[in-house]
Amino acid sequence: MCGIAGIVDHSPPESKEHLLRRMLGLIRHRGPDAFGIYRDEDVGLGSARLSILDLEGGDQPIHNENRSVWIVYNGAVFNHPDLREDLEKKGHRFYTQTDTEVLVHLYEELGTDLFNLLNGQFAFAIWDKRKKTLLLARDRLGIRPLFYHLDNGRLRFGSEIKTLFADFDIRREIDVRALSDIFTCWSTFGANTAFKNVYQLLPGHYAIFSNGKFSIHKYWQLSFAKQSGSVEERPLAGLVEELSALLYDATKIRLRADVPVGAYLSGGLDSTYLTSVVKKYFNNQLRSFSVSFTDQRFDETAFQERVVRVLDTDHRMIRCTEKDIGDNFPAVIWHTETPVLRTAPAPMYQLARLVRDNGFKVVLTGEGSDELFAGYDIFKENRVRRFWAKQPDSSFRPLLIRKLYPDIFSSDTGRAGAFLTGFFKKGLTKVDSPVYSHMIRWDNTSQIRTFFSEDLRGVIEMADDFADRFSAGLPAEFMSWDPLSRAQYIEISILLSNYLLSSQGDRMAMGHSVEGRYPFLDYRVVDFACSIQPKFRLNVLRDKFILRQAANSLIPSELALRPKQPYRAPISRCFMAGPNLNYVDELLSEGGIKQAGYFDAGRVGKLMDKCRKQDGALLSERENMALVGIISTQLLDHQFIRNFPAYPSPELQNVKVYSY
């Protein structure tokens, strides 16, 4: 695992090296073990390496036999031993034991046809010196990030946006349209980022830059088409056996490393299943890590302790307080590089620090399971609302919503219950909408855009066109899929890579030089989940049905069948209770709000006053999201627009420089 950066232009090699040193310095947290640069008259490539394979000999950039092809690489290709063996049979000669070098020779052999052979999580850049062509690529699910800026035939790219801003000629400006999208669906949309003219290479895509021309190509597409239509159903028992075998192998190959591999352990089904596989088949000395909360509403300590007793892992835990979240939040936003509407990334940032403090660089984690096997409440809500829509005036069918969300209906006093029922009835009969499953979420979240300043509202015109823009890019066969698959596609497309794997995954872990590995996101598991009948993902209202069946033979039933507890973290009290946080007082002051210009100072002031009067507690979910969104946006502006770099890095030492 590493951080990468690069330049393509006709500046002198020495100028490229100077800029690359700045770029790598800003992402040294991604790879503090070694630094390398390749430069010539056309290109500069840089690597900040986190050593996991071939610790002594695997420093980057890496080249082919005649040094005509060079690579910088962030990630892991887990099937590299098989690929290497085949390449050696074809005459390729290796000088390292890394998966990085496998990619170089695979490119020589196959060019851009190499991607279908890769099982991994990666972002890389390959420079073909003979063709004067740069290849940029990103893994199927977008586990590893890759950003770029293109202007007048000059390309800058890197693992994080801050690498691009190391070039002071690139203008730093928050994209207010992207900000509006974040305040609607929790994430930026498509290739856009929170900054104008800064883009991400989308998951499952590669790009070619040659002779000043930049072209983007898709090599993989998430699809549920295999199970749509009249497909003969396979028996559940056989499918359970197949899933178990896939997860066994997906876990096995993700243990390939020359350093110890640990595991995150939340106490939920997904991490418990993976940890059980490791303990049973591979490693009797597994180190596991978890985060607990002083706020009991979010704490899963009892379940974590139960799993540790059953599996006998060597366990380490960190206790997260409201103060911890508030104190760490500026660093969290420096790493997310985008506004967020939840504080959930902050505890993950602390957890990664715990991992690193224990001398570990690699952890297995269970992300992806809820998206693939329908583990979220939004999938159940979609099913219930469609059932209700068949008889919209029924007084009994809405009761299923109350059963689905007992917490929010717990204070049902008649008026409150009627309001909530009405809330879930919005757009109830619009079942033919491609985005039916997410309409309520987007509508609810978009209400916090009322905190935008008048000027910003004028720029974006507050048009509710996000659903139309998203729908326009859906696959042609999308509406032929069943409603559950459609909902899952939307959730995966918008939130998996752009939020879950980024703000809570890669960016928090790599902030402490830790690589997360995701067995559930092995492309074979993804293809399997998309191909099975919907009832094996969501059985009536039983989420992750087939995964629970597979887990039942591996872990105790009370853990395999335990209802999901969504991962959440405390919010408003982290910023507004206890001792004042200087950055909150400064950035959310009337002057701070007006200076930045994104929000209405009067509305923000009223929100702050309300929060303080309630001892820091905002009871409304919408108000909590608004508070976090405002604070994180103000921090982003402070750190990246007005005071960049907010966290300066020291001069790099011992950089290997190659010039050919």
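**Asking about pockets and strands**

Guide: Helix H18 (residues 483-500) contributes 7 residues to the lining of the second largest pocket, the most of any element. A helix here is a DSSP run of H or I with at least four residues, a strand a run of E with at least two, both numbered from the N terminus. The model is predicted, so local features need pLDDT of at least 70 and side-chain atom pairs 80 or more, while totals for chains, interfaces and linings use all residues. Residues count from 1 along each chain as its sequence is written, and side-chain values use heavy atoms, without hydrogens or water.

Visitor: What makes this space a pocket, and which residues are closest to its centre?

Guide: A pocket is an open set of points on a 1 Å grid, for a 1.4 Å probe, with protein on both sides within 12 Å along at least five of seven lines; lining residues have an atom within 4 Å of a point. Here 24 residues line it, and the closest to the centre are Leu202, Pro203, Gln221, Tyr489 and Ser493. The space is about 560 Å³, a volume filled by probe spheres set on the points. Its lining divides into 13 nonpolar, 9 polar and 2 charged residues, where Asp, Glu, Lys and Arg count as charged.

Visitor: Why is strand E7 called largely enclosed?

Guide: Buried means under 20% relative accessible area (exposed is over 50%, partly exposed in between, 1.4 Å probe, protein chains only). In E7 (residues 133-138), 6 of the 6 residues are buried, so the strand is largely enclosed by the rest of the structure. Thr133, Leu135 and Ala137 point one way, and Leu134, Leu136 and Arg138 the other.

Visitor: How do you know that E7 pairs with E6 and with E11?

Guide: Two strands pair if DSSP finds at least two bridges between them. E6 (residues 120-128) and E7 have 6, antiparallel, with Ile126 bridged to Leu135. E7 and E11 (residues 205-210) have 5, also antiparallel, and Leu134 stands opposite Phe209. Both pairs therefore meet the rule of at least two bridges. The hairpin of E6 and E7 has 4 residues between the strands, and Lys132 there takes a positive phi near 50°.

Visitor: What makes E15 and E17 edge strands?

Guide: Their sheet is open, with 5 strands in parallel pairing, in the order E15-E14-E13-E16-E17. E15 (314-320) and E17 (515-517) each pair on one side only. E14 (residues 287-293) is joined to E15 by 7 bridges, including the one from Ser290 to Met317.
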